[in-house]
Amino acid sequence: MRKLKLGLALGAGGTKGAAHVGVLKVLDEADIAIDMIAGTSIGSLYGGAYAAGHTTAEMEDGIRNQPRADVVNFFRHRLKIRHNNRLARRFYEALAGIHIEDLPIKFAATASDIAEHRSIAITSGPLIDAIEASIAIPIIARPVSHQGRYLLDGGFWDSAPVDAAVELGADVVVAVELGDPYTLPERLRAPATWLAEKMQGIPLRRTFAGLPFTINAVARELPAPARQAHVVIRPALEKMRGNSPFHMTQCLEAGIAAATEALPTIRAILAGEPLPTVTEPAAKPRLAPEAGLA
């Protein structure tokens, strides 16, 4: 039996993304090799850094010890890795000059094409450009011009970019979900779509071009994902406190706890062992029973 290739799909979640580092840390310490990573939004930042060879110890140190004011300033300066603030400089020094196609671990960053209103996977070109596009939260950040497209945050389409991980060649996909894409209640979708149509004239390069795109994105009905992960990890994160830079350490530790609980399932599925159907609360890892191995 050939060795199964493990892919991670790391979802969006802002500062809650510290949980991704907890998951990576547990897999590292368990000597589980990761063959490819697909990340969206904050998942692209931590996933891209890991794919580039940066250690979980480095990332954990940043989460535990980086002054929280630096995190606030990174958001205040529009999430630009090339901006002159301390956290941006740290990211720049870690990622500058690296091209995705040269990474030792296969990698894709997903982002939103605001003209075509769809998700795209970036699998080539400068790593910094791909991550800047994937983390560009509408209104906070200006749309990123990349490879002939105007792109924004990739977290509008699914909880984790499972499809992108499969397309990279993963046989087994472990998804780390930090929340669900936001959608408006059905009664608000029609007026929201009307408002978005009235705002379509904003040039794509302008910051507020993200507003009509965002309204359209949250007003649509979310389609069912094309593919399911084999294992889904949902760290137990508080909805409000988890979104604060002052609670990143707790998010890191929640990721460690959730990944530790999922570890036996991940080991078993990589070994090709039969698994029972697992029923559990949403915060715990689960086996997706419909997902078969490639």
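1. At 7% relative accessibility, E132 counts as buried, where buried means under 20% relative accessible area, exposed over 50% and partly exposed in between (1.4 Å probe, protein chains only). Its salt-bridge partner is R82, at 3.2 Å from N to O, a salt bridge being a side-chain nitrogen of Lys or Arg within 4 Å of a carboxyl oxygen of Asp or Glu. R82 lies in the loop between α4 (68–76) and α5 (86–95), while E132 belongs to helix α6 (residues 127–134), 50 residues apart; helices (H or I, at least four residues) and strands (E, at least two) are DSSP runs, numbered from the N terminus.

2. This is a predicted model, in which local features need pLDDT of at least 70 and side-chain atom pairs count only at pLDDT 80 or more, whereas totals for chains, interfaces and linings use all residues. Residues are numbered from 1 along each chain as its sequence is written, and side-chain values use heavy atoms, with hydrogens and water left out.

3. The mean pLDDT (the predictor's confidence in each residue, from 0 to 100) is 86, and 86% of the residues reach 70 or more. Over residues 276–294, however, the pLDDT is below 50. Where pLDDT is low, the predicted coordinates should not be read in detail.

4. K25, which is buried at 18% relative accessible area, forms a salt bridge with E60, the closest N and O atoms being 3.1 Å apart. This pair links distant parts of the chain, with K25 in helix α1 and E60 in helix α3 (residues 56–65).

5. K25 also meets E29 in a salt bridge, and K25, E29, E60, R64 and E253 are linked in a network of salt bridges.

Notes. Contact means heavy atoms within 4.5 Å.
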